[in-house]
Amino acid sequence: MFDYRNNIKRILNQTTGDEKSLRNGLAAIKLILGMTDGDQAIPKEKRKSSIELDLNQVNMLLTSLTKLIRTPGDVQAKNTALSAIQKLTMTPQVDKKFRDNLIDLKKNVNLSKTSNEQVNQKIFEQALEKKEKPKKDYRKGKRYTVVRLLSGCDLVDDGNRIVYTMKESQIHSLNLKSGDIVEALPEENNPHYEAEILRIVGFRKLSKMEVDTISTFKYAVVQGRPGHLSISRNAQGQKLRIRGKAVLLPIDSSKYWDDNIQLVDGSIVDLAWYDGDVRLKKSPADAIQIRWVYQLEQPQSATHVKKKKDKVETQATELPKLALDLHYQRVGIAVGDNQNEALLEGIVTRYNGIPIPVDAFQGKKKVIENQIKDLDLVILVTAFAAHDSAWNISEFASKYNVKFAVSSSKGYQSFERALYRAAKGLPAYEGNQSIQYEKADN
């Protein structure tokens with residue numbers, strides 16, 4: 001007759017107070033009591049299923065242990081291994097030596113923990129994995145005609161109905177003009193924008209009845225002292241002329257002063273006005289609007305510039321960090337020339353990113369596409385110059401779902417903020433809007 005007393009003692013000694021352990025212990029006791037009349041008391045079908053159950057548990061144990069070796073401390077693998085060990089320990093066919101080994105294995109599984117090095121290694125491996133980018137279905141985009149405004153533009157349908165109004169920050173680098181035909185989709189992920197322009201597909205000439213003629217004065221230079229600012233020429237030395245007459249345009253800086261826009265002596269802006277505006281003759285300041293601000297920080301004197309060059313190595317550690325962690329994402333840096341490249345790469349590294357230079361202003365369109373498609377983020381640094389490749393970079397970033405933002409200058413803060421906007425899914429262009437940049441906790 002089968003002596004089941006020692007087995008029941010072992011079961012009771014190893015059973016803890018949790019519900020799962022009690023349930024397993026009860027099942028094992030029932031199995032042992034059913035064997036008191038010999039192996040004949042267990043039908044062949046049950047004996048066969050019992051053996052199959054043990055093999056399943058061994059397979060689960062080996063699989064979970066393999067995962068624990070690869071990723072120490074993995075919670076799911078740890079629980080699966082402990083459950084399999086518990087069930088194997090309660091199997092009547094297991095001898096004492098094998099059972100002791102299982103108990104020792106259970107103790108070591110419980111000691112498995114995740115270290116900081118393993119966490120960092122896992123993050124790094126995930127960053128290097130080639131991610132499959134979701135393909136954007138361009139067929140879903142509807143076609144609209146652009147009607148340029150003093151700032152931004154309207155997208156109108158075939159019935160001449162305004163469907164979307166785009167901000168200047170969205171379209172400035174695209175150099176859109178009235179009559180351009182574009183494909184656009186409603187913007188669902190970004191509350192700052194109504195729609196996203198996918199690409200320009202054509203052009204049709206609009207009549208004077210459909211659109212007001214707009215004149216522009218690009219790269220205008222703001223001059224004067226606070227409270228007495230004005231514009232009379234642009235960066236090329238050309239005078240501001242309205243209907244052929246040279247004009248000194250007073251600027252009210254209070255209209256353009258917040259955390260992001262500070263009009264001071266030396267700021268560079270674009271002006272725009274409707275040619276048919278009757279106020280141009282007597283009050284041009286009321287009719288002319290600042291369309292775009294290129295320079296948001298006060299120009300530095302020669303002394304300041306020299307000091308900045310001496311401190312460029314320590315600037316990153318002196319400025320407060322933003323609440324940003326790139327987790328080893330690949331960040332493309334597209335600069336108009338090679339200036340400040342080391343500084344910009346240092347900013348990316350400071351936020352745990354992998355900086356990758358993008359040769360975006362030389363070579364063919366296909367070369368740019370091949371550089372962009374494998375990135376996680378791309379930052380375009382335009383400075384004061386408009387580059388032909390800006391639209392290509394924006395197009396390929398949208399096509400391959402690469403996070404995209406624009407830095408209007410090669411300064412530290414401008415690039416850092418562009419990096420923050422790209423990573424957080426905020427507007428690509430800072431422009432005239434106010435964006436909150438959260439600081440990291442000290």
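Two strands count as paired if DSSP finds at least two bridges between them. The legends below describe close-up views of a predicted model.

**View 1. Strands E15 and E16 pair in parallel.** Strand E15 covers residues 377-381 and is joined to E16 by five bridges. Within this pairing, Leu377 stands opposite Lys403 of E16. H15 packs on the sheet and touches E15, E16 and strand E13 (330-335). The direction of H15 makes about 160 degrees with that of E16.

**View 2. An open sheet is built from four strands.** The strand order is E14-E13-E15-E16, with parallel pairing. Strand E14 (354-358) and strand E16 (403-407) are the edge strands, each pairing on one side only. From one strand to the next, the twist averages 25 degrees.

**View 3. Helix H15 spans residues 412-424.** The distance from the first C-alpha of H15 to its last is 18 Å over 13 residues, close to the 18 Å expected at 1.5 Å a residue. H15 is mostly covered, with eleven of its 13 residues buried. The buried residues of H15 include Tyr412, Phe415, Leu419 and Tyr420. After the helix comes Gly425, which has a positive phi near 75 degrees.

**View 4. Glu183 and Arg143 form a salt bridge.** The N to O distance between the two side chains is 3.2 Å. The pair links distant parts of the chain, 40 residues apart: Glu183 belongs to strand E4 (residues 180-186) and Arg143 to strand E1 (residues 142-148). Glu183 counts as buried because its relative accessibility is 6%, under the 20% limit. Arg143 counts as exposed because its relative accessibility is 53%, over the 50% limit.

**View 5. Arg330 and Asp376 form a salt bridge.** The closest N and O atoms of Arg330 and Asp376 are 3.9 Å apart. This pair links distant parts of the chain, with Arg330 in strand E13 and Asp376 in the loop between helix H13 (365-372) and E15, 46 residues apart. Arg330 is buried, with a relative accessible area of 12%. Asp376 is buried as well, with a relative accessible area of 6%. Elsewhere, salt bridges that share partners join Arg143, Glu183 and Arg199 into one network.

**View 6. Glu210 and Arg204 form a salt bridge.** The closest N and O atoms of Glu210 and Arg204 are 3.9 Å apart. Glu210 counts as partly exposed, at 35% relative accessibility. Arg204 counts as partly exposed too, at 33% relative accessibility. The structure holds eleven salt bridges.

**View 7. Arg291 lies in strand E12 (residues 289-293).** Arg291 is buried, with a relative accessible area of 9%. A polar atom of the Arg291 side chain lies 2.9 Å from the backbone oxygen of Leu149. For the backbone oxygen of Leu150, the distance to a polar atom of the Arg291 side chain is 2.8 Å. Leaving aside residues up to four places away in sequence, Arg291 touches Arg148, Leu149, Leu150, Ser151, Glu168, Ile214, Thr216, Asp270, Leu271, Ala272 and Asn432.

Definitions and conventions. Residues numbered from 1 in each chain as written. Predicted model: local features only at pLDDT ≥ 70, side-chain atom pairs only at ≥ 80, totals over all residues. Heavy atoms only, no water. Helix = DSSP H or I, 4+ residues; strand = E, 2+ residues; numbered from the N terminus. Expected span 1.5 Å × (residues − 1). Buried < 20%, exposed > 50% of the residue type's maximum accessible area, 1.4 Å probe, protein only. Axes fitted to C-alpha atoms, helices over the stretch in contact; angles between N-to-C directions. Contact = heavy atoms within 4.5 Å. Salt bridge = Lys/Arg side-chain N within 4 Å of Asp/Glu carboxyl O. Polar contact = N/O pair within 3.5 Å; in protein donor to acceptor, adjacent residues only side chain to side chain.
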